[in-house]
Amino acid sequence: MAAVWQQVLAIDAKFNAYRAPNCPQFRTLYIRRRSQLLRENAKNERDSLARKDYLRIRAQLLNARYGSPSFSDAGSVKSRSFSLRSISRNTAESFEPVSDGRKYHHRRHMSSSSLKHLYEGPMKHVYDSIELVPTSAAEASKAMAGGKSLSENYAFSGMHHIFDQHSATVTTVKFANDDKSRVACASVDSTLSICQVIPPPATVICMLRGHEAAVCDFVWSLSNDVILSVSLDCTARLWDVAAGTCMRVIRDGSEGQLLTCLFQPLNNNMFVTGNSKCQVQVMNMSTGKGYKGGSSKVTGKVHAMAFDPSGRILWAGDEHGSIFSFTLDMATGKLTKTHRITVSEGRPITSISARAWVSREARDPSLLVNCCLNSLCLFRIMSDDGALQLKRVFPIKQKTAYIKSSFCPLMSFRQGACVISGSEDMCVYFFDVTKESKSCVNKLLGHSAPVLDVCFNCDESLLASCDAQGMVIIWKREGKQGIL
């Protein structure tokens, strides 16, 4: 019955914005204490009906005391552009040639009604030409892993810690590479923070100050000694993690607001930025200058990017709902545009993640994409120049918020493969991408505002999630070890 106590905590969090409106510190302490008490009570054997009655009565009392909370009261999302036009025009699904002056590429338009049909209708014969089905060896592998189902494996025992050091929306949260204990956050309040979550007590190690506007994105270097951040102040900054100081400030050459950034996976002296002037730019970390031929235009503000593991293919998503693929010459830094696919006309792409293997039993190179369409989309990577094909759509709440998702970092011996996403309904969702029905294997409740980003540590023992009110929750997975 631990799930009932989690629902009780979710109700408390839902109404938390109404408690002590002039004292946010009290609200945070209240939720922490409630989480502790509910977690302790969950260990006691009690009648299940009594717990459900408590949940029902608690909900009635809070509704009677505060009224029914509106979504906007719970905390509105401050997007990277801080404005989003409502788009009512849908385009019919069609194919048309698009030329960049060198070769022709396919461009696919998918309206919101088309995506809805894909999710609700028979997608298998349309998009599942290559199945995500584990091999027969999966049964033996599943036994090696202890025989637990995917939903059992992604069960959580409660909140490990709650951070509230930021005074505004936390846009991004990321654990350090191959690290169980360090997590960093970026915020609209123009700062970044680095936190230690293991061993307890969890603490804020340092605050990185220097940006003059909202920090939209950041990334750890491969060795975790440098953090690259980008901001609406039109600068990228390189931070010395050990010293907590800024090493270099790089101003965008076109004076565009910088919205997203990435290190090249195999060469961290090379990084890429995307800006508000529709430009993708490859940069040299040592010199702070762009590479010749390393710049390319897309159709809108660049809100999300991802490399394939080799660092040879780059995908960029823009505010108009298009994903562009590029090939990158790692010797020269030159970008070559190869394909374009429009997920939904006029709906911003807010997150892109790439994965070469879905699980140990099924190699299926995939791209995970958030779009402001109330959907999380899974694409299959069709070629070595980044062509995509839509495979599956999962339901989340996302109309205006700049929400991110990711693949769970470890490939499991178990059947199934999991992805996680934030959502505007204040939940964290877990989906098994190999299931055609009932794909949601877990849902975490506890935030009191839209959940904007989610991230596991390297062994999946802890999960971090951040929201539009500036709260960061560290969740503890049941058991002490990561997935096999």
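Analyst: Setting aside neighbours within four places in sequence, L463 is in contact (heavy atoms within 4.5 Å) with F156, F175, I420, V428, F430, L444, V454, C455, F456, I473, I474 and W475. Two of these partners, F430 and F456, join L463 as the residues that touch the most other members of the largest nonpolar core, which has 31 residues. A nonpolar core here is a set of buried Ala, Val, Leu, Ile, Met, Phe, Trp, Tyr and Cys residues joined through side-chain atoms within 4.5 Å. Buried stands for under 20% relative accessible area and exposed for over 50%, with partly exposed in between, using a 1.4 Å probe and protein chains only. The element that gives the most to this core is helix α1 (residues 2-14), with six residues. A separate core of 19 residues lies apart from it and includes I313, I349, L373 and F379.

The model is predicted: local features need pLDDT of at least 70, side-chain atom pairs count only at pLDDT 80 or more, and totals for chains, interfaces and linings use all residues. Residues are numbered from 1 along each chain as its sequence is written, and side-chain values use heavy atoms, with hydrogens and water left out.

In the span 444-476, the end C-alpha atoms lie 11 Å apart, and the content is 58% strand and 0% helix. Helices (H or I, at least four residues) and strands (E, at least two) are DSSP runs, numbered from the N terminus.

Elsewhere, strand β6 (residues 192-196) has four of its five residues buried. Four residues separate β5 and β6 in a hairpin, and S190 in the turn has a positive phi of about 80°. β6 also pairs with strand β7 (residues 203-208), again antiparallel and over five bridges, with S193 opposite M207. The hairpin from β6 to β7 runs through six residues.

R58 belongs to helix α3 (residues 48-66) and has a relative accessible area of 18%, so it counts as buried. Beyond four places in sequence, its contacts are D12, R19, Y30 and R34.

The structure holds zero disulfides, a disulfide being a pair of cysteine sulfur atoms within 2.5 Å. C261 is buried at 2% relative accessibility, and its sulfur is too far for a bond because the closest cysteine sulfur, in C216, is 9.5 Å away. C377 is buried at 0%; its closest cysteine sulfur, in C371, is 6.3 Å away, which is also too far for a bond.

Over the whole chain, the secondary structure comes to seven helices and 30 strands, and 57% of the 484 residues are buried. Of the contacts with a separation of 6 or more, 54% link residues 24 or more positions apart. The chain exposes about 20200 Å², of which carbon and sulfur atoms supply 52%; these areas come from the Shrake-Rupley method with a 1.4 Å probe, and for residues only the protein chains shown count as cover.

How values were computed
Two strands pair if DSSP finds at least two bridges between them.
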